[in-house]
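Me: I have a model open and would like to talk it through with you. Could you start with the terms, then go on to the details?

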Amino acid sequence: MIQFIQEEILKMDWLSRLFRDALERMGIATYSRIGGSLHFFLYDCVKITVYLCVLIFAISYVQSFFPPERTKRIMGRFHGIYANIIAALLGTITPFCSCSSIPIFMGFTAAGIPLGVSFSFLISSPMVDLGSLVLLTGIFGLRIASVYVILGLLLAVLGGLVIEHLSLENEIEPILLQLKPVEQALPTLSRKERLSYAAEQVKTTFRKVFPYILLGVGIGSLIHNWIPENWIISLLGKGNPAGVILATLVGIPMYADIFGTIPIAESLLLKGAELGTVLAFMMGVTTLSLPSMIMLRKVIKPKLLGTFIGICILGIILIGYIFNALQAVLLL
């Protein structure tokens with residue numbers, strides 16, 4: 001039963017067979033490079049689009065119970081490491097894109113929530129969300145997805161604690177300090193209004209994310225069918241101990257969310273890249289994209305920004321090496 005859920009529901013193997021049969025009937029050999037690329041592209045585009053719509057709808061419905069004002073109040077009840085843990089967990093029900101998390105981070109900081117707690121949220125939000133759990137389960141299995149989420153949350157909590165310990169409150173730009181939190185009554189939404197909100201979020205997010213899905217799947221299909229396996233192994237396989245560092249640094253300048261990076265990661269793994277190296281690439285893309293760092297620089301000073309980036313890079317690299325060390329066990 002578990003295997004059926006993993007393969008037929010989460011991985012949607014039935015969809016892969018459907019596209020393969022359809023292409024074969026059209027006279028396109030799926031074992032050829034062109035046919036294999038076309039099959040990979042169609043299958044992954046549809047699969048990830050279905051994931052996108054279902055996950056955004058479900059997460060947005062849950063999110064309708066946690067508007068920013070309520071989230072601030074929840075976080076304000078906790079102190080010390082417990083506040084960092086709650087902030088990291090709340091990050092799992094927020095939007096997938098790192099840029100979308102920065103305005104919420106600004107609101108938390110302006111409301112007087114401790115800086116380290118706000119950064120625990122900022123690390124967790126793009127790196128570890130419900131979407132990543134489901135997507136990674138569908139591609140890599142529940143064991144790998146669970147360890148990924150646990151280590152991501154651990155990085156978010158420890159990163160926030162380090163920033164809090166360094167006492168960098170004076171490294172916030174004046175524009176952020178001038179923001180005044182707006183106290184307002186929390187709206188009580190009906191079920192119909194929550195469903196309508198979730199549906200609207202699906203439409204908005206789909207329009208924004210779909211181009212990155214096409215790009216990510218396109219790159220994935222090229223890697224999967226056109227790039228020689230020995231190239232991938234030489235750069236990102238066991239033979240290169242610096243593969244995790246390389247993958248992290250390559251991923252940082254990119255801008256995409258997990259829906260766009262999953263097909264690339266899947267192709268790299270199938271071509272012989274190590275598991276931790278692939279996941280480090282994903283974390284680098286989703287957590288430290290160049291546009292989000294530019295946005296963040298507008299509200300925090302270089303020292304704090306550099307500290308945040310350094311913590312994330314070191315944490316991602318460490319997680320990558322942990323996964324590589326455990327790969328044999330996790331892929332059983």
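Reply: Contact here means heavy atoms within 4.5 Å. With that cut-off, among contacts in the protein chain between residues at least 6 apart in sequence, 84% join residues at least 24 apart.

Me: What sort of model is this, and which atoms and numbering apply?

Reply: This is a predicted model, in which local features need pLDDT of at least 70 and side-chain atom pairs count only at pLDDT 80 or more, while totals for chains, interfaces and linings use all residues. Residues are numbered from 1 along each chain as its sequence is written, and side-chain values use heavy atoms, with hydrogens and water left out.

Me: Where is confidence lowest and where is it highest in the protein chain?

Reply: On pLDDT, the predictor's confidence in each residue from 0 to 100, the protein chain has a mean of 81, and 88% of its residues reach 70 or more. Confidence is lowest in helix α4 (residues 68-76), at a mean of 69, and highest in helix α17 (residues 302-330), at 91.

Me: How many helices and strands are there?

Reply: The protein chain has 17 helices and zero strands, where helices (H or I, at least four residues) and strands (E, at least two) are DSSP runs numbered from the N terminus. Of its 332 residues, 51% count as buried, with buried meaning under 20% relative accessible area, exposed over 50%, and partly exposed in between (1.4 Å probe, protein chains only).

Me: What does the transmembrane region annotation cover?

Reply: The unreviewed UniProt entry assigns "transmembrane region" to several stretches, including 102-123 and 308-330; its positions are given in the numbering used here, feature names are shortened, and annotations may be inferred rather than shown by experiment. In the model, residues 308-330 are 100% helix and 0% strand, with end C-alpha atoms 30 Å apart, whereas residues 102-123 are 82% helix and 0% strand, with end C-alpha atoms 10 Å apart.

Me: Switching to α2, which residues are buried there?

Reply: In α2, L15, S16, F19 and L23 are buried. They cover an arc of only 105 degrees around the axis, which puts them on the same side of α2; the arc is that of the directions from the helix axis to the C-beta atoms. The buried residues of α2 pack against α3 (33-63), and α2 is followed by G27, whose phi is positive, near 85 degrees.

Me: Now side chains: how many salt bridges does a search of the whole structure find?

Reply: The search finds two, a salt bridge being a side-chain nitrogen of Lys or Arg within 4 Å of a carboxyl oxygen of Asp or Glu. One joins K47 and D44 at 3.7 Å, N to O, and both of these residues are buried. Being three residues apart in helix α3, K47 and D44 are separated by about one helical turn.

Me: And what about E173 and R297?

Reply: Their side chains meet in a salt bridge at 2.8 Å, N to O. This pair links distant parts of the chain, 124 residues apart, with E173 in the loop between α9 (142-165) and α10 (174-177) and R297 in helix α16 (residues 290-297). E173 is buried, with a relative accessible area of 17%, while R297 is partly exposed, with a relative accessible area of 33%.

Me: Last one, is E274 buried or exposed?

Reply: At 12% relative accessibility, E274 counts as buried, and it lies in the loop between α14 (258-270) and α15 (275-287). Leaving aside neighbours within four places in sequence, E274 is in contact with L236, G237, K238, L269, N324 and Q327.
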